[in-house]
Structures are given as structure tokens and as C-alpha cells.
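Thanks for coming. I will take a few minutes to walk through one model, so please keep the view open while I talk.

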Amino acid sequence: MDNSKINKAAETLYNSRVNLKRIRELPKDCIPKSIKEAYDIQDELANRYISADKNTLLIGKKIGCTNNAAKIQLNIKESFFGNMFSNNISKSNTIINPSKYFSPFVEPEFSFVMKNELDVSKAPYSSNIVYESISAVLPSIELVDSRYEDWTSIGVNNLIADNAVHAHWIYGVETQDLNSFNFNNHSVDLFINGKFIEKGNASAVMGNPINSLTWLINNLALSGKSLPKNSYISTGTCTKAIPISKGDKVIADFGKLGVVDFDFKE
């Protein structure tokens, strides 16, 4: 796909997000036909977000479809990743305005902060090496919200191009003592309006969210890319993606790791 078509696709997705007008699909001549084309569009979309506001920074990555329930929901087989930006994050115990979103879903996720930038020339890395490159873990909720009218049937390439359907990231308190947690088996309880919705577990995220982070680092390295020091990475949902509505109060309880919550209201 040539640059003009990449730009056209990115512009379409950017306008959809900014103007809050959903699209059925991308223009026929710029629908990504490969994973590479999809990430090329995603990269150009990221450039547009950043250039539109000089205060907007790329702060990290989100990883999607790392558990089987999420893959079944979206009818895809592959995991994928997208970008997180400084103007789409909030600290826990906040208010998120529904008017900025289409039909969002919430995903309770383990997030990490990178202590070191790993040398891409030495990839692939083992999960043990990646574990040592983490400075902190924090509980989080990702808000996902597609710009497509029917994102369950649009296919993985289109989802990747749409910044992996990322919308917002709500984060809790960082904990630096990673050794106090068993990421092979750490449960998460999701509540909406005080009602228990679903119990998730870190094991749903590629068996361990460290595995998800390792997958990301090694996949980025294939394109000569790395995660800079202090990057935040949201590693994928511990539950199914759960729809929310205006007026909902959402709480994700990560046990001894902490609680993340927000009110979805104006």
C-alpha cells in the first residue's frame, strides 16, 4: 500500500474518532490487506493524534486479544497491539465523559512500567529477562471503543489500523515489589454499579501477563522497534470485554494490588 492510501485510511479513522461519527468500513482502496499495512496505518494515525496537540505524548502500548474469551468475542485468532497517549489516560477514582465515546467496553488489565529499554538486536527475549526489565506493576482498566459500526466482524487488520480499538486507560497505584505477586494466578473481580459482573485471572492473559509483555517486546523487535524506558504497557484483559452505559460506576478489584474505579457520567 502506498503512502497516499495509508494517509487516507489514517485520516478516515482520525476523523471518525475526533468527530464521533462511526464508519462502516474504510474506503475500498485503503483497507489493509496485511498485518504490515494495518500497523503502517496505525503508525500514521498515531502521528496525527500527536501532531494535532503538541501536549499529547505517546506513553506506551496496549495489547489486545491476549485471552481466548476476547478472541472469540472479536472472531479473530491473533493478539495485536496499539498505542496509548497522554491525553487519554486518567488516574483511578475519576469521571469519564460518555459523550466522547461510541459504545465502549471495559477490560481489567495488569499494566507494567518499563525500567530498561531492551536492545532490539538481542531479541527474542525470554520472559525472565523481560521480568527483570520491569520497574513496577499497576492495576488498570482499559476502555475499548471501535470506530467501526460492527467491530466483531471487521477482521484483525482493520482493528489494528484503528489503534487496536483503544480509547482510554484508567490506572491505579504503582507497586515496585513484583515478587509479592503470583502473576500465574492472581484474580480480579469486576463490579458495575455495585453488582459483581465477572471474576478474571492473570492466567487468562497468555498464561501470565509477563508472557504478554514478552510477546509485545519480541514482536516490536521484528520491526526494529523497542519500548522506551518508563513506557506503560497494558497487557490485555483478564475477563471478557464488558459493555458499559452512561451512569455506570465501574470497579476492578485486583486484591492486594489495589482497586481501580471510575464513574461513566457527564
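Predicted model: local features only at pLDDT ≥ 70, side-chain atom pairs only at ≥ 80, totals over all residues.

**Strand 8 and its neighbours**

Strand 8 pairs with strand 12 (residues 249-253) in the antiparallel sense, over four bridges. Helices (H or I, at least four residues) and strands (E, at least two) are DSSP runs, numbered from the N terminus. Two strands pair if DSSP finds at least two bridges between them.

Residues are numbered from 1 along each chain as its sequence is written, and side-chain values use heavy atoms, with hydrogens and water left out.

Back to the pairing with strand 12. Aspartate 189 stands opposite aspartate 253, and phenylalanine 191 has isoleucine 251 as its bridge partner there.

In strand 9, glutamate 198 faces leucine 190, and phenylalanine 196 faces phenylalanine 191. The two strands form a hairpin with two residues between them. In that turn, asparagine 193 has a positive phi of about 55°.

Next, a pair of helices. The axes of helix 1 (residues 3-19) and helix 2 (residues 35-52) come within 8 Å and cross at roughly 55°. Axes are lines fitted to C-alpha atoms, for helices over the stretch in contact, and angles run from 0 to 180 degrees between N-to-C directions. Helix 1 and helix 2 are therefore oblique to each other; angles under 35 degrees count as roughly parallel, over 145 as roughly antiparallel, 65 to 115 as roughly perpendicular and the rest as oblique.

Which residues meet? From helix 1, they include Ile6, Leu13 and Tyr14, and from helix 2, Ile41, Leu45 and Tyr49 are among them. Contact means heavy atoms within 4.5 Å.

Two loops are worth a stop. The peptide bond from alanine 123 to proline 124 is cis, with omega near 5°. Proline 124 lies in the loop between strand 5 (105-114) and helix 4 (127-132). In the loop between helix 5 (156-161) and strand 7 (166-171) we find asparagine 163. Asparagine 163 is not a glycine, yet has a positive phi of about 50°.

Last, the overall picture. The protein has six helices and 13 strands. The C-alpha trace spans about 50 × 50 × 35 Å along its principal axes. That is all from me.
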